[in-house]
Amino acid sequence: MRNVVVFDADETLLDLRPAVTGGLVVVLEEMRRLTPAAAGVSLADLESDWDAVFGEHAAAPVAQIRRAALARSLARAGLTAHLDELAALFFARRFALTRPFADALPALAALRREYALGYATNGNSRAERCGLAGEFTFELYAHDGGLPKKPAPEFYAAVVEAAGVPAEQIAYVGDSLAHDVVGPQRAGLRGIWLNRSGLPCPPEVRPDAELSTLAELPAVLRRMHTAKAG
Ligand SMILES: [Mg+2]
């Protein structure tokens, strides 16, 4: 039975922030083209509208949160009637700009020789729309088939089921301590923290490993399995 490595999507394999910013920039440009009332609306306003809606509805589907956030932003300039077209504009640009980090595809290629690879996300970054088509033996998206978001235990149970191996043979890799380390560990998986920006790890959290880049992952997994075998 092969060991399985499962990846978070956004900010782990995918460099999402520039894509979201790019999407918001075209929305703002279009708002300003539609009405002079949008001249006083800023990119920071659009970003804070997302934060506000996300804060209130964190468990909702990401596309729904984005749409509600855009509705708030459009209301700032009396453009609520344009929600459908501006949401379509946002998502088209956001997906067109979403790309894997430079270390993602080489790491997946190296790991594929030894491990089965999975993809499991709370978001709406469909692998095939983000430069990751055909990379994984399984993909899981929160809200598909009613699946609750991480860190719900049901999410990790679905990961284990999709992986088809016992939980202890699965390593979960991601940028969020709560979603990709603590949640998986509670479900019996290994939790590997991708800490690209060198954040401090709170003492109560013990990742099974910590990486600053995905390039370190093959060696880290090899050491982990050697230690276990020893
Ligand atoms: Mg993430």
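## A walk from the sheet to the magnesium site

Let's begin in the sheet, where strand 4 and strand 5 run parallel and are joined by four bridges. Strands here are DSSP runs of E with at least two residues, helices are runs of H or I with at least four, and both are numbered from the N terminus; two strands pair if DSSP finds at least two bridges between them. Please keep in mind that this is a predicted model, in which local features need pLDDT of at least 70 and side-chain atom pairs count only at pLDDT 80 or more, while totals for chains, interfaces and linings use all residues. Residues are numbered from 1 along each chain as its sequence is written, and side-chain values use heavy atoms, with hydrogens and water left out.

Within this pair, Val-173 has Ile-192 of strand 5 as its bridge partner. Five of the five residues of strand 5 are buried, so the rest of the structure largely encloses this strand. Buried means under 20% relative accessible area, exposed over 50%, and partly exposed in between, with a 1.4 Å probe and protein chains only. In a regular strand, side chains alternate between the two faces of the sheet. Here Arg-190, Ile-192 and Leu-194 point one way from strand 5, while Gly-191 and Trp-193 point the other way.

Not counting residues up to four places away in sequence, Ala-209 touches Gly-191, Ile-192, Trp-193, Val-220 and Met-224, where contact means heavy atoms within 4.5 Å. Ala-215, in the loop between strand 6 and helix 8 (217–229), counts as exposed at 57% relative accessibility.

Which residues coordinate the magnesium ion? The donors come from Asp-8 (OD), Asp-10 (O) and Asp-175 (OD), at 2.1 to 2.2 Å. Donors are N, O and S atoms within 2.8 Å of the metal (3.2 Å for Na, K and Ca); water is not among the atoms, so sites may look incomplete. Asp-8 sits in the loop between strand 1 (4–7) and helix 1 (16–34), and Asp-175 in the loop between strand 4 (170–174) and helix 7 (177–186), 167 residues apart. Asp-8 is buried at 6% relative accessible area, whereas Asp-175 is partly exposed at 29%.

Finally, the nonpolar packing. A nonpolar core is a set of buried Ala, Val, Leu, Ile, Met, Phe, Trp, Tyr and Cys residues joined through side-chain atoms within 4.5 Å. In the largest one, of 47 residues, Phe-7, Leu-13, Met-31, Leu-214 and Leu-217 touch the most other members. Domain 1 (4–15 + 99–229) and domain 2 (16–97) both contribute residues, so this core lies between them; the bounds come from an automatic or database domain assignment. A second, separate core of 19 residues includes Ala-120, Ile-170, Tyr-172 and Leu-189.
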